[in-house]
Amino acid sequence: MPGMLDPQVRRALAERVRFYRELGIYDFYRRGVYVAEVAEGVPGESAVRSTATFQPELREEMPARNAAAFVVPAATEDNMLEMLAPKPEYGTTDPAEALKIIRADLGDCTRCKLHKQSRKQIVFGVRNPRAELMFVGEGPGADEDEKGEPFVGRAGQLLNNMIKAMGLQREQVYIANIVKCRPPGNRTPERDECETCSPFLMRQIAAIKPKVVVALGAVAAKNLLAINAPMSELRGRWYDFRPAGARSNDPSSDDRSWNGARLAVTYHPAFLLRDPRQKGEAWKDLQMVMRELGIPIPQKGVE
Ligand code: SF4
């Protein structure tokens, strides 16, 4: 449906949706007459601003005490409407099944230019579909591209050590990246690539419903939180995180009640390999996560 809209209407509608999201209103329903009214109306903002034709339904509003900490992930005009559109995985309450549907929807993706650069295969995400803890990195490197699994090289080994230091196994968590294809020369993924790919990650997070998401490095943090700040400011605090497009709780259709995750930021393992002196700082971040998850904190840190 978004593709049918006049560009001006589309822009105005995206702007309005963004405005409501900033107010903490996430879920809308569309009246049966809505499509016809917009399609037949005069193209332009007035067609959208008419409350008679587009009336958002307040189903979930943030409690005031959380509002200051709540972060609305970034969304462009183009992907805002796409993110809000109903998704095929909404038909299942099984997270493993939902992830399969999202993977099938991604297909042999050519949505951004990374598909034709150096990728051998798409690196979707791995391990526990019902994980309480999820790690999100930046993008696949050469080893990940070769094996089709995130964090399998040297940085992956260090991530495994970090997970073990927390008293967990890799099998217990879910691991994914902001972009699913290897950027050439392991460069940082560009903004358009992140914006094109991250809606699929948002859907993965919404399907898994983790208690905690850990952003590994500044690229992951900035893309998830839409905050442009140095690591020194991003780390050491909690963010309430709800992926763009996630539905509010519907206990009648899902017994895994979820109002979003808490998000923490720590250093990317590749950075820690370059500067091992920061491992102590990363361990502090992980201890914060362990406290949140109720995991006893051992004396030994990350090696
Ligand atoms: S990075 Fe993401 S959006 Fe780009 S081609 Fe790969 S899967 Fe598609």
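Asp-285 is found in helix α13, which covers residues 279-293 of this predicted model. With a relative accessibility of 3%, Asp-285 counts as buried, because residues under 20% are placed in that class. Leaving aside its neighbours within four places in sequence, Asp-285 is in contact with Arg-235, Gly-236, Val-265, Thr-266 and Tyr-267.

Asp-105 is found in helix α6. Its relative accessible area is 33%, and Asp-105 is therefore described as partly exposed, a class that lies between 20% and 50%. Beyond its neighbours within four places in sequence, Asp-105 is in contact with Pro-88, Arg-111, Phe-200 and Arg-203. Pro-88 stands 17 residues from Asp-105 along the chain, and the C-alpha atoms of these two residues are separated by 8.2 Å.

Two packed helices are described by the angle between their axes and the distance between the axes. Helix α6 (residues 95-106) packs with helix α9 (residues 191-208) at an angle of about 165°, and their axes are 9 Å apart. An angle over 145 degrees counts as roughly antiparallel, and α6 and α9 are therefore roughly antiparallel to each other. Their crossing is right-handed. On the side of α6, the contact is made by Pro-95, Ala-98, Leu-99, Ile-102, Asp-105 and Leu-106, while α9 supplies Phe-200, Arg-203, Gln-204, Ala-207 and Ile-208. Sorted by class, the residues of this contact are eight nonpolar, one polar and two charged.

The backbone also deserves attention. Most residues other than glycine have a negative phi, and most peptide bonds are trans. Phe-151 is found in the loop between α7 (142-147) and α8 (154-165). At 4% relative accessibility, Phe-151 counts as buried. A further positive phi, near 55°, belongs to Ala-226, which follows helix α10. Within α10 itself (residues 218-225), the residues Val-219, Ala-220, Ala-221, Leu-224 and Leu-225 are buried.

These details belong to a protein of 303 residues, 50% of which are buried. The protein has 13 helices and seven strands.

The mean pLDDT of the protein is 80, and 69% of the residues reach 70 or more. Over residues 29-72, however, pLDDT stays under 50. The model has 65 contacts beyond four places in sequence for this stretch. Where pLDDT is low, the predicted coordinates should not be read in detail.

Technical notes: Residues numbered from 1 in each chain as written. Predicted model: local features only at pLDDT ≥ 70, side-chain atom pairs only at ≥ 80, totals over all residues. Heavy atoms only, no water. pLDDT = per-residue confidence, 0-100. Contact = heavy atoms within 4.5 Å. Axes fitted to C-alpha atoms, helices over the stretch in contact; angles between N-to-C directions. Helix = DSSP H or I, 4+ residues; strand = E, 2+ residues; numbered from the N terminus. Parallel < 35°, antiparallel > 145°, perpendicular 65-115°, else oblique. Left-handed = near helix turned anticlockwise from the far one by under 90°. Nonpolar A, V, L, I, M, F, W, Y, C, P; charged D, E, K, R; others polar. Buried < 20%, exposed > 50% of the residue type's maximum accessible area, 1.4 Å probe, protein only.
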